[in-house]
Structure formats: structure tokens, C-alpha cells
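I began with a working definition and then went topic by topic.

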Amino acid sequence: MNRNDFKKKQGQGAGTGSAVPRFWKPGTAGPGLTNIAEERTTNTDTSDISAPSIVYNPNKNLSIEQQRQKLPVFQYRNHILYLTERYQTVVVIGETGCGKSTQIPQYLLEAGWATEGHVIGVTQPRRVAAITVATRVAEERGSILGDEIGYLIRFDDCCDLDKTRVKFMTDGMMIREIMKDPLLRKYSIILLDEAHERALNTDIILGLLRKIQKKQKDLRLIVASATLDAEEMRDFFNTNETGDPEKDTAAILTIEGREYPVDIHYTLDPVPNYVKSAVETVMKIHFNEKPGDVVIFLTGMNEVDDVVSQLISEARKLSKDSMKMRVLPMHGSLPANEQMKVFERTSHHTRKIVVATNIAEASITIPGMTYVVDAGFVKLKTYNPTSGIESLVVIPISQASANQRAGRAGRVRAGKAFRLYTEEAYEKLPESTVPEMQRSDLAPVILQLKALGVSNVLRFHFLSPPPAQNMIRGLELLYALGALDAAGNLTSPLGLQMAEFPLTPQFAKMLLSSGDFGCSEEAIIVCAMSQIQNVFVTPSDRRLAADKEKRKFSVLEGDHLTLVNVYKSFIKFGQNSRWCHDHCLNYKGLNRAVEISNQLGRLLTKYQVKIVSCEENTEALSKCILSGFFTNTAHLHYSGEYRTLRDNHSLHIHPTSVLACEEPPQWVVFNEVVQTKKDYMRDITVIKKEWLHEIASHFFQFGTERELAAKRRKLE
């Protein structure tokens, strides 16, 4: 299934492109025999519909302890504790809603796994999940978050060194913990949650823990997942080579979930625009279905914001007597307190509509969801080793993801999932998503492994070995940045210091070089602001004003220096929320950038990089940015598009860039590429051609004898 598959086929239903999508439920009368979709989404007699009545969670009024005992995982408490004592590794397959994320850490804590100064570590793929699960567990135990139960995410440590016994953290922070203590001596057990997502850092941790367990026999590992090839995971950790089951070091436990039935509805015809169809489907649910909250799955922040604004407009048209709608966005770029709004309860006469990316697919559980609208696409990071470019690409989801999304509707009551694609398209989807390890730039992975003492990264045990091309390209990039020497070892001090930064190797190199360019203060700001995706906000009723305000900060040197202007103005006006509102800026995001810049400043001071400002010398800052991102250089081609210098890859300036409305510069350097209809460069800085030889002569050959020799060879 691709985006073109959503076009109307074979002339079925003239005008389908603009009509509300029509759904049918497999197992009922076939499409075309009766207008089944219309019957299912109107207020007419529905006695023939096989979906059971909606049943609200009967346990919500019980005490927390009684609720815990009602969870399916409670029946397996003793099994989990026994297997953990008996085996080094336990693979727990727990269906959605069984309570594995919140209860297993508590069972381990109650069984004494956190005594004598030991800590129980729990990893999550995403920041939101780490915070929400930690908050829930602290609430269940009646403790203050940060004392007995804490969390650790990038740039935010909510733990007490002496008191915290269970530490929830992102996968990336778990790797940092291994860097501090390669044998994890203070940890008695690690729970690796949501392992089925196969995130980059998850796979690194799996390989590292396999090595650590050989040295640290007492360290236990629980791998928890909703959907996972359990036998593959067990065999990966099982060190028993005798064939005697009694000597196995890994075991599998399957927990039955508490999921309610979910009716799946497919569209009769492919939809031409899933964003528009999602809005129409939600409104049809709101008018014709029973009470219950809705979650919509889209691909990214822009689509989420677009649908949110459209639904808010529709909500304002509702009559005073009809059920109200509360529309909320959910994506990783939102400030933490904005993300938490989706967990708040709504009144009985209000339907909550959560418009989300795949962040809501498995990592977090939003209570009360009864209806799912699934667009069928996801935005994933992919890497092209030929061009060396990592892009965000919108692709069809896998069948496993589609089922995971549908399962969101069956957590507390019977629900319905409306898929904005045909059943035929579903059958053509891949069974599972390609692990991130096999579609990513491996430079950060190699840098981390080298810092952890893995000298031969090619022989490192990956659960899903990455392509050799990706590995070679990662090694080349780190060598070009000066992090590795000719023998493939970490350089000292540059390579060792780069590995300590919670940033990409390019940003780390830029920061560590900033003192030489005399612009470390501005370089810190560029790094901090680049971690905030939505610095400029565009309210639906102030689009023209937002564009005008953005131009006030824009400079011809590009996006990075524009971000520096925004940050310095924010500080100048006292970090004022009203000022941010007037200038259409993300107040909470900017406050987050201030926190990040303070931490990065402390790191640079630790490595004796002097914190200085380049004042009005913008050339120094542009050169500093180039020192980290010189591999991402492009020049303006006579055709009007940009071409990368190394591989002649075709690129365009992203519409959100401040350079999009200006005369195109001849030479630019960029942070990343976003792929939609074209490949767009995002976060761009204007550079000069002669800087390339000055800053990265080992990588480029402009104005050198090598260039002249190469030209002579071409002429010959």
C-alpha cells in the first residue's frame, strides 16, 4: 500500500474522493450488497450489529490496591518472581492492558530486589512513557515522584541518589548508565519494556546486556513486550549450548491480556486524502456512535496540528445541546505538561479526541479510548548509505502496528477501529516493521559502542545485524569528524569527549570546536534550540500574524542564526510568556531550551572549553556549524535545485525555512532531510565555498592539487 493506493479505484461510487469514507466490517454482508457502512454509523436500529454493548471499566471506583489485584498480571506474580530467581533472562509477552509496565517493577521491589543499595532499572523507548509510568507507579505506592520511584530522561533527572529504588529511564539514558558503570553493579535487575518497537537504543542495550550478563552473573534481565518473537529473543540470551533444558539461562512467560473485543472496519474504497478522511470519520463517530473517546493515528506534528485545528473548528459549530468535543494533540515535540493533558478525565457530556502520532501506539496508554481512527501510515527515520542522508519518510505501517493501534480501543471496554484503507491493502502490509538498527545512520551507535570499550563493532552481537554499508558509512563519518583514528579507535580527547554528549556526533563536534571559533555561547544556543522542534507556533486564527512575527527574527544567514536571535530575545525580555504569545513562539519549548543550554554549558566547562560570545561576528558561528555538519553540504545547481557535494543527491529548501522566501544562496549546510514529495533540507545555514577547504580539507579538495588532478583526469 502506498499513498497512491488511496485513489478511487474502478469508478466505484462517483465522488468518493470528497465524500465521507464508507466502512464495512469483515464477516458481515459484503461491500456492495448492502450499504453496511451507512448502517453502522447512523442512529438507526443497530440491533443487527454484532459488536457488544460498551461496558465501562467496573474497577475505576475501587482502591488502588484492589485495582492492582484485578489486573491480569497479578495472577502471574509468583511465576514472574520464580522465573526471575531461576533464570538470568525472562521474556514476558504481555498483551496490551495486562499491567506489565506498572506492576512488574513493584513486584520486584516488594520481593527485595532493591535492597542493599541496589536499584531496579526500567527502560522505555520514549520520554513520555518513562514519565507517565513512573508517575503512576509512584501514585500506586503513595510516594513522591523522585523519592522511592524516579525517572531519568535526557536533560531531566528526577531521582534521589540515596532514596530512589526503581528508576524509569529512556533507552538512551540506560546506555549512559552503562557508560558510567560498564558492569551496572548498582543494578540488580533491568526491565526492558516495549522491546517490540526495536528502537535503535533498545537493540544496543540488548547486545550490551548480553555481554554484561557473562561478567555479571547476578544481573537479571526481563524483556517485556506486547508483540515480539519471543523464541528469537530467548535464544539470543540463552547461553546454554549443552541442549539440556535444565541448564537454560532464559525463559518465556506469556500473560493473557484483559482486552475487550474490538470491531475492525475497513473503507470500501481507498481514500485519496487520509487527513481529510480522518476529520470526517471522527465527526461521523461523534454524531452517530455511543459515548467514548477517540484516538486518531497520523504521521507527524504538522498533520496532527492540521487535524486538531480542523476538529476545533467543527467543535465550535456544535449546538449547545449536543455532546461537546475536547480535541488534544499528542506528539513527542509537545512540552511535557501539554502531553499530560491527554490523560486528564473529561466530563460525562464531553468526548475526548486525541490526535496522535505513533507515540500513542504502544508506549503510553490513554484511558477511556473506545474508537480508533487509523490513517495507515507512519513517519520513520530511514538512512541511505549511498548518499549518507538520513531522512524522515512517510511509509505504510506494518500489520503488527495496525493491530497494536486497533488494540487501543479495547483497553477498558468494547471498541471499534476504523481503518482508512481497504482490507486488501491491509493484507499487503508487511508483518512487522523493519528494526531501526537496519535503517539508521550508525555513527552514533558506533561512537557509543567504542566509548563502552567495544573495539570491534563489526563483531558486536546485534539481535538484528545492520547492513555492512551502513556500518562502513558510520565509521567514515566518525573518522571525518576526528572521533576515530586510522585504526578505528576513539581519539583522545576529542572522540572520548564527543561520546559523553547526549547529542549526535555532528552537534558534539560543533560544540567542542566552538571555543576555537570564539562562539561557544551561540553554539550552545544552536544545539539547545535544535532539540525543540516547534519553536515557532502558528495559531489557526493568526496564520498571517505568525508569518509576520517569524520574519522579525529571520536573518539571511539562515535558520540556525534565526534561532539564536529568538533565544537571545527571549532572555532579553525576561523569559516572558506574554511576549512569547505576542510573537507566536513556544514559551514552554523556549524554557526547555534554556534548561538544555545550561546543561550543555556545564559540559563544555567540564572539558575546559571557554564560554565566549562571537557578538555580531556571524561568520564565526557559521564556520563553527560547518565544522560539525560539513558532510551535509549542498550547492545550488543550475536546474534550481540543490545537490549534495559528495553524492550529487537532489535536495530542496524546506518551506518552513527562513531561506524559503529569499533568493537561494549558492552554498548551504543543513541538519537533516525530511522526505515527502521531495527531499527537503531542514535547519539550514548559508556558507561560502572557500570555507570547505579551510575547515574540512581532509574531506573536500576545493582549490587543492587533488582537485586540479581530478579535473585533468576527467578531461583525459
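This is a predicted model: local features need pLDDT of at least 70, side-chain atom pairs count only at pLDDT 80 or more; totals for chains, interfaces and linings use all residues.

Entry on cysteines. I searched the whole structure for disulfides and found 0. A disulfide is a covalent bond between the sulfur atoms of two cysteines, and I counted a pair when the sulfur atoms were within 2.5 Å. I then looked up Cys614, whose closest cysteine sulfur is in Cys519 at 5.2 Å, which is too far for a bond. With a relative accessible area of 10%, Cys614 is buried, whereas Cys661 is exposed at 75% relative accessibility.

Entry on salt bridges. My search of the whole structure gave 31 salt bridges, and I followed up a few of them.

For accessibility I noted Glu246 as exposed at 59% and Arg86 as partly exposed at 30%.

I turned next to Lys167 and Glu177, which form a salt bridge with their closest N and O atoms 3.5 Å apart. Here strand β6 (residues 166-170) holds Lys167 and helix α6 (residues 171-180) holds Glu177, so the pair ties together parts that are 10 residues apart in sequence. Are these two residues buried or exposed? I found that Lys167 is buried, and that Glu177 is buried too.

The salt bridge between Lys428 and Glu424 has its closest N and O atoms 3.6 Å apart. Lys428 is exposed, its relative accessible area being 55%, and Glu424 is partly exposed at 47%.

I also wrote down a network of salt bridges, which links Glu65, Arg68, Arg77, Glu110, Arg136, Glu139, Glu140, Arg141 and Glu148.

Entry on surface charge. Which residues gather in a patch of positive charge on the surface? I listed Lys211, Lys214, Lys215 and Lys217. Of these I looked up Lys211, which is placed in helix α7 (residues 200-215) and is partly exposed, with a relative accessible area of 44%.

Entry on the backbone. I noted a cis peptide bond between Ser492 and Pro493, with omega at about 10°, and I placed Pro493 in the loop between α15 (468-481) and α16 (494-500).

I then checked phi in residues other than glycine, and recorded a positive value near 50° for Gln575. Gln575 is found in the loop between α20 (559-572) and α21 (577-582), and I noted it as partly exposed at 30% relative accessibility. Asn648 likewise has a positive phi, near 60°; this residue is in the loop between β19 (642-644) and β20 (650-653), and Asn648 is partly exposed, with a relative accessible area of 44%.

How values were computed:
Residues are numbered from 1 along each chain as its sequence is written. Side-chain values use heavy atoms; hydrogens and water are left out. Patches are made of residues with over 30% relative accessible area and no salt bridge: like charges are joined within 9 Å, nonpolar side chains (Val, Leu, Ile, Met, Phe, Trp, Tyr) within 5 Å. Accessible areas come from the Shrake-Rupley method with a 1.4 Å probe; for residues, only the protein chains shown count as cover. A salt bridge is a side-chain nitrogen of Lys or Arg within 4 Å of a carboxyl oxygen of Asp or Glu. Lys and Arg count as positive and Asp and Glu as negative; His and the chain ends are not counted. The place of a charge is taken as NZ of Lys, CZ of Arg, CG of Asp or CD of Glu. Helices (H or I, at least four residues) and strands (E, at least two) are DSSP runs, numbered from the N terminus. Buried means under 20% relative accessible area, exposed over 50%, partly exposed in between (1.4 Å probe, protein chains only).
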